[in-house]
Amino acid sequence: MKKKILFGLFVMLGLFMITGCDKTTTTTNNTSKDTESKEKVTFTKVIEKKHVKYKVPESISDMNGFKDLGKNCYIYYYTNQSSVYALYPFDEQVEKVDKVTINGFNYETYKYVEKSMVHYVYRTKVNNDYHLFQYEVYDAEYDDKQVEAFMNTVEFVYDEITYKQA
């Protein structure tokens, strides 16, 4: 009878040790994954479209998404030769549209926060083409400097020698 009780205690102690060690390992692995996913991305992969070239993170998916600072981010680019509604995605929801100059080009820009999502909008007109960059983050808080870093990679490429800001 004492052998059965001792055997039972050893089995329970062994199970406790095995499951206890496993939980510690899982916690350690999750912590390292969280740290990795909160790293700041750099914009190094060149994307070339008609009349524009810009850089995105190497980790960008086919759906234009990537993880940055632990958040899901997306970059969208749209162009048109006429001023259409798609160039003004959230204008009616913001009070003020700012004007900034980046790399010698003037942009209309704003940051629109809705619930748990941030939309950064930059648009300009160069050589009779309208260009819209939309940087979206699925979180209400994000480092604006990352969006600025992305916008600093944008270059307008035309066959003509001069680039004209319309």
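A residue counts as buried when its relative accessible area is under 20%, as exposed when that value is over 50%, and as partly exposed in between. Keep that in mind as we look at the charged pairs in this predicted model.

Side chains of opposite charge can pair when their charged atoms come close. Searching the whole structure turns up 6 salt bridges. Here are three of them, with the distance from N to O:

| Pair | N to O distance |
|---|---|
| D139 and K71 | 3.2 Å |
| D91 and R123 | 2.6 Å |
| K111 and D144 | 3.1 Å |

Let's start with D139, which makes its salt bridge with K71. D139 sits in the loop between β8 and α2, while K71 belongs to strand β4, so this pair ties together parts that are 68 residues apart in sequence. Are the two partners buried or exposed? D139 has a relative accessible area of 26%, so it is partly exposed. K71 comes in at 18%, so it is buried.

Next up is D91 with R123. D91 lies in the loop between β4 and β5 and R123 in strand β7, so their bridge links parts 32 residues apart in sequence. R123 is buried, at 7% relative accessibility.

Finally, K111 meets D144. K111 is in strand β6 and D144 in helix α2, so the pair ties together parts that are 33 residues apart in sequence. K111 is partly exposed, with a relative accessible area of 40%, and D144 is also partly exposed, at 31%.

Definitions and conventions:
Residues numbered from 1 in each chain as written. Predicted model: local features only at pLDDT ≥ 70, side-chain atom pairs only at ≥ 80, totals over all residues. Heavy atoms only, no water. Salt bridge = Lys/Arg side-chain N within 4 Å of Asp/Glu carboxyl O. Helix = DSSP H or I, 4+ residues; strand = E, 2+ residues; numbered from the N terminus. Buried < 20%, exposed > 50% of the residue type's maximum accessible area, 1.4 Å probe, protein only.
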